Amino acid sequence: MATLLEMSQALSGTLNLRPSLQRLLEILAKGHSAIRSVVTLLTEDGELIIEAADGLDLPVRNIRSRVGEGITGRVVESSKPVVVPRVSREPDYLHPAVKRAERPREEISFVCVPILINRKAVGALGVDWRFKAERDFDSSVKFLGVVASMIAQALKLQRAVEDERHRLLAENTHLRQELRERYDFTNIIGTSGPVREMYEQVSQVAKTNTTALIRGESGTGKELIAHAIHYNSLRAKKPFVKVSCAALPDSLIESELFGYEKGAFTGAQQRKKGRFELAEGGTLFLDEIGDINLATQVKLLRVLQEREFERLGATDTVKVNVRVIAATNQDLEKVIAEGKFREDLYYRLNVFTIFVPPLRDRKADLLLLVDHFLEKFSREHGKIIKRISTPAIDMLMAYHWPGNVRELENALERSVLVCDGQVIHAHHLPPSLQTAESSGTVTRISLTDAVGAFEKDLIQDALKTTRGNGAKAARLLATTERVFNYKVRKYAIDSARFRN
Ligand SMILES: Nc1ncnc2c1ncn2[C@@H]1O[C@H](COP(=O)(O)OP(=O)(O)OP(=O)(O)O)[C@@H](O)[C@H]1O
Ligand SMILES: [Mg+2]
């Protein structure tokens, strides 16, 4: 009982099985005068390998044999124990690959029991004892059976943990892949001149370890660019960690960035790593850098220069290998003039600056973005949206988009949600665009004008469907060609525009 207890403790201490088994065999030698003992396990390829051995004075690593070979092989094959009372009468008693160094002077008995998981042998435990005529082999087999079942339990647990680890690893790889795809270049929509220039810059800076500064109005896609830089760099497999500087109060930002030691301040109950340390090997994205306070700016400058810092309340220095990407929609030069941003930090950040153009300067991309978002949102909301009407497009084109791509994205999500058919019409677009389009005209639209706008909308739409064929369009709207042509003239619609 004492030995069994000791063995179970040896096995339960750790998930690293090999040393635990080694310890178990030593206990067997000490407590039960085993001369030699071997734990053999079945590998995934159906071979037997020695996992642990005691009393053999030769290295056992990588000794392989086959199921059915020797006594051990037969025990695994049959899942039944084997007892050899006198080894001298049995040629291959212990293990086919393990030959004894010299012929034993005294007679030896060999007992081998299977290690069973779900009644199937996954290995065997073999033990050499000094031959004693009075030995009760039945109880020896029973005893070793208990030891083997403890080993089986430990194995089962270890394999469950291994499986879980493999599953998590696979899941992690998959998720990383998904992230990479999501932030792939190809997901940044746009082919206009300014955007192509920007792609060029992104691919240039991605290859380096240079600090990058991304500037542009709110909603222009700065975060998307930061992701693209990371996922196209050599650091792609390492973490991408984001810090929203504007969202964190001054009192928290330093502990978030640099971490703290236990007891650094009230409430610091244990050491915590900062985002710099979490991003080790990867990229740290400092969003809204213009909003960071002056004291933190000093510390940040030091990290950028020396790549080292101290956790709050710590004396030892932490070295980090992190690429920093910062973004801001503020006019940094103005903030510097106001004394709210350090000039030296600005120069450190300004090594490679990417300007993201506002949407109104890249109207050429608008249609691509519209298509992209309509497809995305109709998929997300389970709607079938076939296209967007010409007047609606005109309206989108006329608007000045102060909120840039984000505003466009929101406007289109709304329009997909309120759309009752398969076509997005002008009246599905948010009111902010409606008033903008009618700017210059009266603010309160009369019924006649509203009906007129709707009519014009429908006619243009029908013309688009029929590629400018008026007769077909008239039929589509269940009206006569005469009425149709009259309205086309009335609303000054250019049918030729739809012909190609
Ligand atoms: N070129 C683009 N192609 C596709 N989607 C884009 C593009 N640019 C921006 N977006 C989308 O617009 C939204 C706003 O982008 P993002 O969050 O990157 O803007 P930002 O510049 O960081 O804005 P802010 O300064 O307000 O934080 C996101 O949902 C993003 O996916
Ligand atoms: Mg942002």
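Predicted model: local features only at pLDDT ≥ 70, side-chain atom pairs only at ≥ 80, totals over all residues.
**The ligand and its shell**

Around ligand 1 there are 19 residues, and of these Ser218, Gly219, Lys222, Arg406 and Glu409 come nearest. Sorted by class, the shell is made up of six nonpolar, six polar and seven charged residues. Three helices each supply at least two residues of this shell, namely helix 6 (222-231), helix 12 (366-380) and helix 14 (404-418).

| Residue | Atom of the residue | Atom of ligand 1 | Distance |
|---|---|---|---|
| Serine 218 | polar side-chain atom | oxygen | 2.6 Å |
| Glycine 219 | polar backbone atom | oxygen | 2.8 Å |
| Leucine 224 | backbone N or O atom | oxygen | 3.3 Å |

On its own, ligand 1 has 630 Å² of accessible area, and the protein covers 86% of it.

**Aromatic pairs**

Turning to the aromatic rings, the structure holds nine aromatic pairs. One of them joins phenylalanine 258 and phenylalanine 309, whose ring centres are 5.4 Å apart and whose planes stand at 45 degrees to each other, an arrangement that counts as tilted. Elsewhere, ring pairs connect Tyr231, Phe240 and Phe285 into a cluster.

**Isoleucine 229 in helix 6**

Helix 6, which supplies residues to the shell of ligand 1, also contains isoleucine 229. Is isoleucine 229 buried or exposed? Its relative accessibility is 0%, and therefore isoleucine 229 counts as buried, because a residue is called buried when its relative accessible area is under 20%.

Leaving aside residues up to four places away in sequence, isoleucine 229 touches Val202, Val205, Ala206, Ala212, Ile214, Arg323, Ile325 and Ile354. A further position can be compared in sequence and in space: isoleucine 229 and threonine 283 are 54 residues apart along the chain, while their C-alpha atoms are 9.2 Å apart.

Definitions and conventions:
Residues numbered from 1 in each chain as written. Chains lettered and ligands numbered in written order. Heavy atoms only, no water. Near = heavy atom within 4 Å. Polar contact = N/O pair within 3.5 Å; in protein donor to acceptor, adjacent residues only side chain to side chain. Areas by Shrake-Rupley, 256 points an atom, 1.4 Å probe, with all protein chains shown as cover. Helix = DSSP H or I, 4+ residues; strand = E, 2+ residues; numbered from the N terminus. Nonpolar A, V, L, I, M, F, W, Y, C, P; charged D, E, K, R; others polar. Phe/Tyr/Trp six-rings, centres within 6.5 Å; stacked < 30°, edge-to-face > 60°. Buried < 20%, exposed > 50% of the residue type's maximum accessible area, 1.4 Å probe, protein only. Contact = heavy atoms within 4.5 Å.
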